[in-house]
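Me: I would like to go through the labels used for this model and ask what stands behind each of them.

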Amino acid sequence: MVQGSFKRQVEVGRVVLINYGPDSGKLAVIVDIVDHNRALIDGPTTGVSRQAFPYRRLTLTRFVVKGLPRGAGQTVVKKYLEKNETIVNWEKSTWAQKLTVRRVRAGLSDFDRFKVQKFKNQRRHAVAGTVAKATKTA
C-alpha cells in the first residue's frame with residue numbers, strides 16, 4: 001500500500017481525540033466507518049458514549065488498537081484497550097502531557113499566575129547570575 005504524506009489513516013481501531021462538543025478533550029476509538037463524513041466511535045474507559053461523530057470534530061492520534069473487529073461492542077473495545085495499554089501509552093505521550101499542562105494553567109487563579117511570574121523572575125535572575133559568573137572566570 002502506498003501511503004504518501006498521510007501517516008494517520010481513518011481506520012477501525014484508530015484512537016481519536018474529540019476536539020469539539022461536550023466530550024471535548026476525551027479519547028475514543030473508531031469502531032466502524034459510517035460514510036466519508038462520519039465514524040462510529042466508542043470510549044468505554046473515558047466516558048464517551050457510542051455515537052456517530054463527524055471527522056471534522058475528531059483528531060486522529062498515532063495510536064491504533066490492533067486487531068479490533070469492525071463494529072465491536074463496548075466490552076470488546078474495553079478489553080482491547082486494556083490489552084494494548086493504549087490509554088497508558090497516550091498518557092505518556094508529549095501531546096497528552098501538553099494538554100494536561102494547558103488544563104492546569106487554565107485553572108489557575110490570578111494570584112497563582114502572579115506567583116508563577118515571580119518564580120520565573122527568580123529563576124531568570126539565578127541563571128543570569130551563574131552565567132555571568134561562568135563567563136567572567138572563563
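**Cores and labels**

Reply: The largest nonpolar core has 15 residues, and those with the most contacts inside it are V15, V29, V65, L68, V77 and W90. The elements giving two or more residues to this core are β1 (14-18), β2 (27-33), α1 (74-84) and α3 (94-106). Apart from it lies another core, of 10 residues, among them V16, A28, A39 and L58.

The model is predicted, so that local features need pLDDT of at least 70 and side-chain atom pairs count only at pLDDT 80 or more, while totals for chains, interfaces and linings use all residues. Residues are numbered from 1 along each chain as its sequence is written, and side-chain values use heavy atoms, with hydrogens and water left out.

Me: What makes a set of residues a nonpolar core?

Reply: A nonpolar core is a set of buried Ala, Val, Leu, Ile, Met, Phe, Trp, Tyr and Cys residues joined through side-chain atoms within 4.5 Å.

Me: Why does T86 count as buried?

Reply: Buried means under 20% relative accessible area, exposed over 50%, and partly exposed in between (1.4 Å probe, protein chains only); T86 has 4% relative accessibility and therefore counts as buried. Leaving aside neighbours within four places in sequence, T86 is in contact (heavy atoms within 4.5 Å) with V15, F63, V65 and L81.

Technical notes:
Helix = DSSP H or I, 4+ residues; strand = E, 2+ residues; numbered from the N terminus.
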